[in-house]
Amino acid sequence: MIPRTKLPDGETVPALGQGTWMMAENPVRRTSEVNALRRGIDLGLSLIDTAEMYAEGGAEELVAEAISGRRDEVFLVSKAYPWNGSARELPLACARSLKRLKTDRIDLYLLHWRGDVPLAETVAGMERLRDAGHIRHWGVSNFDTADMQELVAAGGWRCAANQVLYNLTRRGPEWDLLPWMRQQGMPTMAYSPVEQGRLAGHSELAHMGTSLGLTAAQLALAWVLSRPEMIAIPKAADPAHVTANLRAVELGLTPAVLSDLDQIFAPPCRAVSLQML
C-alpha cells in the first residue's frame with residue numbers, strides 16, 4: 001500500500017507520485033508515456049505532476065490524454081512560469097493549463113520558481129484562483145528557506161507544498177529548509193529523486209540494493225520516501241518502470257541501512273544554496 005502524506009488542511013495524497021518532466025518531447029514515445037501514467041494510476045500512484053514549461057504545454061496535453069475518463073481518480077499538480085505570477089498573467093496561465101489538461105480544476109498549482117513578481121501579488125492571485133474554484137490548493141517550487149519565510153510574511157500561510165530538487169546526492173535542503181517545512185506542517189515534493197536516473201548506475205548503491213532485493217534506483221527512491229512529510233515524483237516513461245518504482249515503497253529501510261547510506265552520501269554539515277536542474 002502506498003503511504004500518504006498530509007497537506008496542511010488535512011487532505012492526504014500519495015507519497016509516491018508520477019513526474020512528467022521531459023515527457024511529450026518525442027512522438028515515438030507518446031503511447032508508452034501515456035500507458036505509463038495510466039499504469040501508475042492503476043497502481044495507486046494517482047498524484048501526477050506536470051507544468052506549463054514541460055514540452056511548452058505538451059506534457060499537460062499528454063496528461064490529459066492519460067487521465068481521460070479518470071479525472072476524479074487523480075490529484076493533479078501543475079506549475080506556472082514565474083513571469084506568469086502577476087495579477088494579470090496568473091489567471092490567464094491557469095486558464096491555458098486547464099484547457100490543455102481538459103479539466104475544470106487543478107488540485108495543486110505551483111509557482112515554478114521565484115521571479116520578479118512580488119510574492120504578495122502572486123499569493124493574492126493564487127487565492128483568487130482558489131476562491132473561484134479553478135485550483136484547490138496552491139504552492140511553490142524551488143523556494144529556499146528565506147523565500148518561504150518571505151512568502152508566509154507576504155500572506156502565503158496557505159501554501160500547501162514546496163517542490164525542490166532532493167535526492168541522495170542533493171541533500172542541501174536537510175540543513176534548514178526541510179526542518180522549517182515540517183515545523184510549518186507543509187510537505188516537501190522531491191523532484192528528480194533518482195537524479196534523473198544517474199543514481200541507477202551508482203556502484204555502491206547497487207551493491208547495497210542487491211542485499212535488500214532492490215536495484216540502485218529503487219533504493220535511492222526508497223530513501224527519499226523514508227524522509228518525513230515527503231512526496232517523491234519520479235518520472236517513468238514506460239509501464240514496466242512504473243511498476244519497478246512501486247517496489248520502493250514495499251520495503252522499509254532499517255536504521256542500519258540509513259546509516260550506511262549516510263556514510264556514502266553524507267548529509268550537509270553547513271548551509272547549502274538550493275539547487276535546481
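User: Which residues in α7 meet which residues in α10?
Analyst: E204, L205, M208 and L212 in α7 meet V257, D260, L261 and I264 in α10. Contact means heavy atoms within 4.5 Å. Before we go on, this is a predicted model, in which local features need pLDDT of at least 70 and side-chain atom pairs count only at pLDDT 80 or more, while totals for chains, interfaces and linings use all residues. Residues are numbered from 1 along each chain as its sequence is written, and side-chain values use heavy atoms, with hydrogens and water left out.

User: And what counts as a helix or a strand here?
Analyst: Helices (H or I, at least four residues) and strands (E, at least two) are DSSP runs, numbered from the N terminus.

User: Back to that pair. At what angle do α7 and α10 pack?
Analyst: The angle is about 170°, and the axes are 11 Å apart. Axes are lines fitted to C-alpha atoms, for helices over the stretch in contact, and angles run from 0 to 180 degrees between N-to-C directions. α7 and α10 are therefore roughly antiparallel to each other. Angles under 35 degrees count as roughly parallel, over 145 as roughly antiparallel, 65 to 115 as roughly perpendicular and the rest as oblique.

User: How many nonpolar, polar and charged residues are in the contact of α7 with α10?
Analyst: Six nonpolar, no polar and two charged. For the classes, Ala, Val, Leu, Ile, Met, Phe, Trp, Tyr, Cys and Pro are nonpolar, Asp, Glu, Lys and Arg are charged, and the others, Gly among them, are polar.

User: What about α7 and α8, at what angle do their axes cross?
Analyst: Roughly 85°, with the axes of α7 (residues 203-212) and α8 (residues 216-226) coming within 8 Å. That makes α7 roughly perpendicular to α8. From α7, the contact uses L205, A206, M208, G209 and L212, and from α8 it uses A216, L219 and A220. Seven of the residues in this contact are nonpolar, one is polar and none is charged.

User: Changing topic. Which residues of α1 are buried?
Analyst: E33, V34, A36, L37, G40 and I41. Buried means under 20% relative accessible area, exposed over 50%, and partly exposed in between (1.4 Å probe, protein chains only). The arc is that of the directions from the helix axis to the C-beta atoms.

User: What is phi of Q196 near?
Analyst: Near 55°, again positive in a residue other than glycine. Q196 sits in the loop between β9 (188-191) and α7, and counts as partly exposed at 36% relative accessibility.

User: And which residue follows α1?
Analyst: G44, whose phi is positive, near 100°.

User: Now α5. Which of its residues are buried?
Analyst: T145, D147, M148 and L151, in a helix of residues 145-153. They cover an arc of only 160° around the axis, which puts them on the same side of α5. Their cover includes α4 (119-132), β7 (135-141), β8 (162-165) and α6 (177-184).

User: Last one. What does V117 touch?
Analyst: P82, G85, S86 and T122, not counting residues up to four places away in sequence. V117 is in the loop between β6 (106-111) and α4, and is buried with a relative accessible area of 18%. V117 and S86 are 31 residues apart along the chain, with 5.9 Å between their C-alpha atoms.
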